Amino acid sequence: QVQLVESGGGLVQAGGSLKLSCAASGRAFSTYRMGWFRQNPGTERQFVAILNWGDGSTYYADSVKGRFTISRDIAKNTVYLQMNSLTPEDTAVYYCAADVNADPMFDYWGQGTQVTVSA
């Protein structure tokens, strides 16, 4: 089992920044990928950013490219999402996820943290 705990959400004005954190604990950490996703009520969960734990390579949704940065602290088993130039369209619950099986699915999810961007 892997436990994921997100933090750092909140209310920010458009143009502002927030940094989300996701601390992983549990089984000997053998994660292949860590990712951030977001979801609003009544909509599907959307991919935001993914980081390959082995080599640190990253991938972003087009909607956040150039504004968001996913990063990691290996010693702390923590992944971050730095969000800059936020817009109201970024408002959502943000979820951290871990892939431990090296397949397309993410196996563990955090509880989510609310990000609200006011106009």
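Visitor: Why is Phe106 called buried?

Guide: Its relative accessible area is 12%. Buried means under 20%, exposed means over 50%, and partly exposed lies in between, with a 1.4 Å probe and protein chains only. At 12%, Phe106 therefore counts as buried. A word on the basis: this is a predicted model, where local features need pLDDT of at least 70, side-chain atom pairs count only at pLDDT 80 or more, and totals for chains, interfaces and linings use all residues. Residues are numbered from 1 along each chain as its sequence is written, and side-chain values use heavy atoms, leaving out hydrogens and water.

Visitor: What makes Phe37 buried?

Guide: Phe37 has 11% relative accessibility, so the residue passes the limit of under 20%.

Visitor: How many aromatic pairs does the whole structure hold?

Guide: A search finds four. Rings of Phe, Tyr and Trp (its six-membered ring) pair if their centres lie within 6.5 Å; planes under 30 degrees apart are stacked, over 60 edge-to-face, and the rest tilted.

Visitor: What makes Phe37 and Phe106 a pair, and of which kind?

Guide: Their ring centres are 5.2 Å apart, within the 6.5 Å limit. The planes stand at 75°, which is over 60, so the pair is edge-to-face. Phe37 lies in strand β4 (residues 33-39) and Phe106 in the loop between β9 and β10 (108-109), so the contact ties together parts 69 residues apart in sequence. Strands here are DSSP runs (E, at least two residues), numbered from the N terminus.

Visitor: Which residues do ring pairs link into a cluster?

Guide: Phe37, Phe47, Phe106 and Trp109.

Visitor: How do you know that Arg45 sits over the ring of Trp109?

Guide: The charged end of Arg45 is 4.5 Å from the ring centre. The rule asks for NZ of Lys or CZ of Arg within 6 Å of the centre and within 35 degrees of the ring normal. Lys19 also lies over a ring face, that of Tyr80, at 4.6 Å from the centre.

Visitor: Why is the link between Cys22 and Cys96 called a disulfide?

Guide: Their sulfur atoms are 2.0 Å apart. A disulfide is a pair of cysteine sulfur atoms within 2.5 Å, so the pair qualifies. The search of the whole structure finds one disulfide. Cys22 is in strand β3 (residues 18-26) and Cys96 in strand β9 (residues 92-99), 74 residues apart. Both cysteines are buried.

Visitor: What is the handedness of this disulfide, and why?

Guide: The torsion about the S-S bond is about -75°, so the disulfide is left-handed.

Visitor: What makes β4 and β9 a pair of strands?

Guide: Seven bridges join them. Two strands pair if DSSP finds at least two bridges, so β4 and β9 pair. They run antiparallel. Met34 has Ala98 in β9 as its bridge partner.

Visitor: Why are β1 and β7 called edge strands?

Guide: The open sheet runs β1-β3-β8-β7, with antiparallel pairing. β1 (2-7) and β7 (68-73) each pair on one side only. Neighbouring strands of this sheet are turned by 20° against each other on average, direction ignored. The axes are lines fitted to C-alpha atoms, with angles from 0 to 180 degrees between N-to-C directions. Six bridges join β1 to β3. In β3, Ser25 is the bridge partner of Gln3.

Note on methods: Helix = DSSP H or I, 4+ residues; strand = E, 2+ residues; numbered from the N terminus.
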